[in-house]
Amino acid sequence: MAAGTNEAALDDAERAVRRAPSRASARVVRARARAASGDSAGAYTDLVEAQRLYPLHSDYTVERDALAAALEKASEAAPR
């Protein structure tokens with residue numbers, strides 16, 4: 001995704017979360033935009049919140065767990 005396009009998507013997602021903070025799908029959209037912009041920690045936080053808001057949606061859990069695994073792998077690969 002181009003930098004400008006991702007920035008616009010992230011801005012739209014931020015507005016969606018502000019308008020409907022208890023809507024899990026808005027959190028997932030923002031998580032995806034954050035991940036695309038390199039903010040994996042922010043994306044993970046949004047996915048955790050989405051799962052809290054809508055615990056029965058298994059896709060949110062799968063996406064969160066995949067991101068957690070990627071974050072752990074990146075952490076292990078980082079120089080210490």
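Tutor: Let us begin with a single residue. Val-48 counts as partly exposed because its relative accessibility is 34%, where buried means under 20% relative accessible area, exposed over 50%, and partly exposed in between (1.4 Å probe, protein chains only). Please note that this is a predicted model, in which local features need pLDDT of at least 70, side-chain atom pairs count only at pLDDT 80 or more, and totals for chains, interfaces and linings use all residues. Residues are numbered from 1 along each chain as its sequence is written, and side-chain values use heavy atoms, with hydrogens and water left out.

Student: In which helix is Val-48 found?

Tutor: Val-48 belongs to helix H3; helices are DSSP runs (H or I, at least four residues), numbered from the N terminus. Val-48 and Asp-65 are 17 residues apart in sequence, and their C-alpha atoms are 9.4 Å apart in space.

Student: How does one describe two packed helices?

Tutor: One gives the angle between their axes and the distance between the axes. Axes are lines fitted to C-alpha atoms over the stretch in contact, and angles run from 0 to 180 degrees between N-to-C directions. Here, H3 (residues 40-53) and H4 (residues 58-77) pack at about 150°, with axes 9 Å apart. H3 is therefore roughly antiparallel to H4, a term for angles over 145 degrees.

Student: Which residues of H4 make the contact with H3?

Tutor: Contact means heavy atoms within 4.5 Å. On H4, Tyr-60, Thr-61, Glu-63, Arg-64, Leu-67, Ala-68 and Leu-71 take part, and the residues on H3 include Tyr-44, Leu-47 and Val-48. Leaving aside its neighbours within four places in sequence, Leu-67 touches Ser-40, Ala-43, Tyr-44 and Leu-47.

Student: How do H2 and H3 cross?

Tutor: Their axes come within 8 Å and cross at roughly 165°, so H2 and H3 are also roughly antiparallel to each other. Among the residues in this contact are Ala-24, Val-28 and Ala-31 of H2, and Ala-43, Leu-47 and Ala-50 of H3.

Student: Which residues form the largest nonpolar core?

Tutor: A nonpolar core is a set of buried Ala, Val, Leu, Ile, Met, Phe, Trp, Tyr and Cys residues joined through side-chain atoms within 4.5 Å. The largest one has 8 residues: Ala-24, Val-28, Ala-31, Ala-43, Leu-47, Ala-50, Tyr-60 and Leu-67. Helices H2 (24-36), H3 and H4 are the elements that give two or more residues to this core.

Conventions
Angles under 35 degrees count as roughly parallel, over 145 as roughly antiparallel, 65 to 115 as roughly perpendicular and the rest as oblique.
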